[in-house]
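Please keep the 3D view open as you read.

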Amino acid sequence: MNSKVTRRRFIKGVVASGAAATTTGMWYAANGQDRPSGAVERLIRINVNGQMRSVDVAPQETLASTLRYKLGLTGTKLGCNRGECGACTVLVDDVATYACSVLTHSMKNARIETVEGLESPNGDLHPVQQAFVEELSPQCGYCTPGQVMSAVALLRANSNPTREEARHAMSGNICRCGSYDSYLNGVMRAVQLG
Amino acid sequence: MAYMHIGKDFVPPDVPGKVTGRIKYAEDYTRDGMVYSRLLTSPIPHARVLDIDASEALAMDGVFGILTADDVYPDGEPQSTGLKILTNEPTLVGEPILALAAIDEKTAETAISRINVTFERLPFVLDPLDSLAEGGPNGYPGDNNTFVFRQGFATEKWTEDQVASFRAGNEPTAEAQQTWSLGDLEAGFAASEFVYETTFTTAGYPHHSMEPRSAMAYWEDGKLYLHGTSQSLTALADGMAPIIGVPKEDIVFINAATGGGFGQRARAGSIPSMAIPAKLSQKINRPVMMRITREEEFTIGGARQGFQGWVKVGFKPDGVMSACDIYIISDNGGKGGGGDASSAADCIDVLYQPDALRFRGTSIVSNTGHRGAQRGPGQNQIAPIIAPIMDKAADALGISRLEIRKINAPRNGDVAGPRQTPFTSAYVPESLDMATQQFDWEGRQSRRRQRNGSKVIGLGLGQGYHNAGRSGMDGIVTMGTDGRLKIHNGVGNLGTYSYASTSRAAAEVLKMPWESCDILNVRTDNHLPITSPQDGSNSIFTNTRTMFGAATDMLNKMKEIAATDLGGDPADYDVSNERVHQIADTSVGYSYAEVAQRALELGGKFTGEAELPEELAEWTQISVSRLAGSAFMGVYHDPRHEGNPPGFTVTCCEIELDLETGKYDILDMVTIADSGTIVHPQGMKNQLVGGAVWGIGLSGYERHLYDPQNGLPASTGYWQSKVPTYLDTPVKIGTGWVDLPDPENPVGARGIGEPSMGAVSAALTAAITDALDGHHFAAAPITADMILNHLAGTEENAVPLAQNNFRG
């Protein structure tokens with residue numbers, strides 16, 4: 001586990017900033033072309049999937065909003081937009097993080113990875129993605145990118161987890177279809193695929 | 001029977017898109033010039049809109065227009081239950097009053113804050129029994145509290161004494177709105193050795209699909225293009241066209257993937273909000289995106305009907321259920337409900353085959369989330385109520401818990417329900433045997449109620465049922481001169497993979513390698529046939545019939561072309577290796593590419609230009625007419641089937657309940673299905689484990705909570721109406737199936753999505769009851785608070801039979 005960034009620390013940071021106060025707030029932030037007077041907006045550069053991306057970010061804008069609506073990375077899903085479901089999970093410096101609950105402005109020195117960045121340059125799926133295909137882990141698929149990212153984070157921290165360890169590591173991701181058993185099968189297969 | 005595709009795993013074509021994030025849901029789309037819609041929703045549970053002053057909002061820069069109920073219902077709102085697109089008489093908090101479109105959502109929200117809506121407050125109610133009591137508030141339009149089919153809104157009242165007596169645990173004495181019965185109830189109870197009677201409650205709770213029901217729409221060349229979310233493609237579009245007011249040939253519904261359905265996205269009537277961006281786009285002549293928040297999804301996303309009921313069950317000395325008398329008040333929510341209560345009674349009749357049964361039911365308003373079909377509506381609410389009663393009967397009569405279920409189990413040749421419909425097939429005793437053997441049910445009996453410190457073991461056995469098949473739909477397959485089979489499939493993609501697995505039936509008929517097949521779905525202008533909505537566990541049964549039929553039509557045409565051109569009779573021909581050839585001499589024949597070329601040359605019935613089935617649905621006729629002459633075509637209209645194709649499940653589970661915390665761990669769980677031939681084992685397993693998680697939620701967690709003073713919802717998120725997580729579910733769930741074919745389906749298949757939940761809820765509730773020495777809460781969910789209160793010997797402080805509120 002990265003010593004600098006933990007899920008708890010992220011949540012505490014978000015609570016302090018008030019970023020997750022309302023579901024709709026970030027949408028206005030993401031799509032607001034009419035900027036509130038006096039607000040500080042600026043162009044910043046963030047490292048997403050190994051590329052430095054310049055993006056115009058509102059002060060209260062969440063990472064999920066930036067990824068989806070500014071950078072077109074719609075693989076990151078918004079299920080609740082208030083830190084309950086995990087559909088928006090991305091990796092920040094290898095740590096599984098709710099992108100709806102962290103401000104983009106706090107990401108300037110971070111390494112962000114989304115589901116779009118997992119495939120190899122030749123198009124091969126990441127072992128977790130391949131394992132999820134083979135185990136038919138997804139059902140509706142809406143939570144799947146978040147499940148994938150949590151599994152990748154787990155396997156980077158622990159390359160040989162038990163099923164029980166995997167269950168705990170994945171527990172921040174809700175699947176309303178109830179495909180937990182199949183996702184855990186996928187995680188354990190990913191261990192084998194390396 | 002040896003199949004090429006049926007019963008074998010495969011990778012559905014959308015799965016790579018799901019693990020890479022490439023597959024698009026409605027909110028992932030954009031369109032040049034797209035503007036954004038936000039909703040103004042009702043802040044109070046029941047009101048009448050007296051005036052809307054939007055002048056200041058409409059004068060703002062970047063605001064393009066608003067849409068109100070007067071716009072969408074120029075002749076007045078429908079005087080019926082059911083969600084409306086927009087309304088001037090909201091009957092629940094959060095119901096959409098108007099929509100506003102602006103350059104961005106911030107501007108839209110700011111503009112909405114400047115709209116003045118004058119509401120007249122009207123009485124509201126959160127507990128149906130409060131409304132049922134004489135003098136109680138009525139939450140429907142016109143000061144009504146119920147809706148009677150073909151009559152409209154009405155008022156149903158009991159005396160205060162009648163309500164109080166029911167709340168006190170007694171049989172309701174008022175006349176019910178609806179009733180049906182089978183056999184001689186009085187004689188059934190007279191013959192009973194053991195009789196058990198109780199009142200019960202089951203909670204309503206939201207669907208909480210992961211994807212909020214966002215939608216985007218635009219008009220181009222007179223056609224409406226609607227990006228939405230649904231359990232079905234053609235069934236949805238077919239019903240949505242008249243709601244929006246657009247001819248069926250002028251709507252294109254685009255829906256590559258749906259982020260969860262569970263009943264409330266099956267039919268257009270349950271998701272009319274998609275008409276908002278469509279109508280707003282038409283009004284302002286711009287593409288409109290309407291993003292829906294989690295809170296809005298809670299409000300308009302639908303909920304399960306809660307039950308306030310009373311049941312009395314009698315058993316003969318030999319364990320046969322001799323009589324069941326059940327009376328249910330259904331919570332209709334703010335927009336009307338469904339037929340859950342009658343389905344619950346029907347389920348008892350199916351699963352336990354009583355000698356006599358009487359159902360009585362009344363549906364009453366509460367100004368809470370709108371109710372409608374949710375995974376096993378009725379069958380699944382009653383499952384956790386009845387299972388512990390079966391165990392009590394077994395214990396009282398000295399029969400094992402497994403044996404009493406086998407004694408009463410439905411079998412091949414049995415009938416059930418108000419019309420005494422025969423099953424198409426039924427293998428429940430076999431399922432009980434398989435489940436208990438796989439679980440080692442008998443071997444574990446010695447562990448029952450074993451204590452380990454503060455923890456105690458409980459064992460539970462449960463059964464689930466839902467009708468699992470329909471018919472009367474259409475099928476289309478085509479083939480071009482490349483010889484590839486194109487399977488036009490109107491089944492939606494909500495995660496069951498039924499759109500793909502039903503397509504396998506067409507490939508099976510033509511012995512087509514899967515790699516040579518293309519499924520055309522995603523958007524309705526792929527010329528799709530009408531299908532039944534993907535609800536009611538029917539897709540596998542219903543649409544393998546249509547796919548099989550369409551491919552058989554193509555097969556017969558192939559043989560006819562080959563026989564005409566190459567000699568002999570069509571019966572002399574068969575297919576293999578993508579060729580139609582003589583059986584006696586396989587070198588004489590056509591490749592599929594060649595026969596498709598010949599079909600195009602011949603035209604007429606071979607290309608959909610003549611001799612079509614007369615009964616094709618209007619939607620299918622439109623699709624066929626657009627394809628006609630362009631490809632070799634197989635077309636089929638499926639006739640009605642006979643009987644009730646059931647889906648059955650059996651679950652065994654073991655829990656360890658902590659008497660100090662009221663919480664429990666599910667140590668082991670096995671679910672076995674009887675759903676005919678298994679078409680897609682991985683998909684089948686997913687339905688079983690997914691249903692298991694839903695069953696765990698029904699038994700232990702999910703519920704509606706409303707502020708009793710103001711009628712505000714308090715459970716809009718995933719936490720307050722808690723969806724089970726990884727940690728609430730077993731580390732591993734065992735699954736299996738009896739895999740015996742059903743005679744009414746060409747590949748022997750029946751559905752399973754809904755019963756997979758009921759059996760788990762029944763087994764888990766039975767296990768909780770077992771761990772607590774047989775204490776029967778007669779409720780779902782059973783929360784940790786309720787368990788602790790029971791163990792402490794304290795009285796519940798909630799009003800008995802309360803709905804939409806805490807118990808504990």
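The numbered points below go from the parts of each chain to the contact between the chains.

1. **What you are looking at.** Please bear in mind that this is a predicted model. A search of the whole structure gives 66 salt bridges over all chains. Side chains of opposite charge can pair when their charged atoms come close.

2. **How chain A is divided.** Chain A has a domain 1, covering residues 7–116, and a domain 2, covering residues 127–193. Where these two meet, domain 1 of chain A contributes 19 residues and domain 2 of chain A contributes 14 residues. Together they bury about 1,300 Å², with 56% of that area coming from carbon and sulfur atoms.

3. How many salt bridges are counted between domain 1 of chain A and domain 2 of chain A? The count is 2. On the side of domain 1 of chain A that touches domain 2 of chain A, the elements giving two or more residues are strand E3 (89–92), strand E4 (95–98) and strand E5 (111–113) of chain A. E3(A) supplies the largest share of that side, 3 residues. Sorted by class, the residues of this side of domain 1 of chain A are 8 nonpolar, 5 polar and 6 charged.

4. **A link between distant parts of chain A.** A:Glu135 and A:Arg189 form a salt bridge through their side chains, at 2.7 Å from N to O. This pair joins distant parts of the chain, 54 residues apart. A:Glu135 sits in the loop between helix H4 (127–134) and helix H5 (144–157) of chain A, while A:Arg189 belongs to helix H7 (residues 180–193) of chain A.

5. **How chain B is divided.** Chain B has three parts: domain 1 (31–122), domain 2 (307–469 + 643–792) and domain 3 (470–637). For residues 20–123 of chain B, an unreviewed UniProt entry gives the feature "domain: Aldehyde oxidase/xanthine dehydrogenase a/b hammerhead". Over that stretch of chain B, 17% is helix and 32% is strand, and the C-alpha atoms at its ends lie 50 Å apart.

6. **Domains 2 and 3 of chain B.** The C-alpha centres of domain 2 of chain B and domain 3 of chain B are 40 Å apart. Their contact draws 20 residues from domain 2 of chain B and 15 residues from domain 3 of chain B. About 1,300 Å² is buried between these two domains of chain B, 64% of it on carbon and sulfur atoms. On the domain 2 side, B:Gly469, B:Val679 and B:Pro746 lose the most area to domain 3 of chain B, together 32% of what that side buries. The salt-bridge count between domain 2 of chain B and domain 3 of chain B is 0, but 5 residue pairs are in polar contact across their interface.

7. **Where the two chains meet.** The contact between the chains takes in 69 residues of chain B and 61 residues of chain A. The buried area is about 5,200 Å², and carbon and sulfur atoms give 56% of it. B:Val19, B:Met210 and B:Tyr726 supply 18% of the area that chain B buries against chain A, more than any other three residues.

8. **Pairs across the chains.** The interface of chain B and chain A has 8 salt bridges. Do have a look at B:Arg22 and A:Glu119, whose side chains meet in a salt bridge (2.5 Å, N to O). There are also 34 residue pairs in polar contact between chain B and chain A. Which element gives the most to the side of chain B that touches chain A? H20(B) does, with 9 residues. By class, that side of chain B has 29 nonpolar, 22 polar and 18 charged residues.

9. A:Arg82 lies in the loop between helix H3 (63–70) and E3 of chain A. Its side chain makes a polar contact of 3.3 Å with that of B:Thr716.

Notes: Residues numbered from 1 in each chain as written. Chains lettered and ligands numbered in written order. Predicted model: local features only at pLDDT ≥ 70, side-chain atom pairs only at ≥ 80, totals over all residues. Heavy atoms only, no water. UniProt positions renumbered as here; feature names shortened; annotations may be inferred. Helix = DSSP H or I, 4+ residues; strand = E, 2+ residues; numbered from the N terminus. Domains from an automatic or database assignment. Contact = heavy atoms within 4.5 Å. Buried area = accessible area lost by both parts, 1.4 Å probe. Salt bridge = Lys/Arg side-chain N within 4 Å of Asp/Glu carboxyl O. Polar contact = N/O pair within 3.5 Å; in protein donor to acceptor, adjacent residues only side chain to side chain. Nonpolar A, V, L, I, M, F, W, Y, C, P; charged D, E, K, R; others polar.
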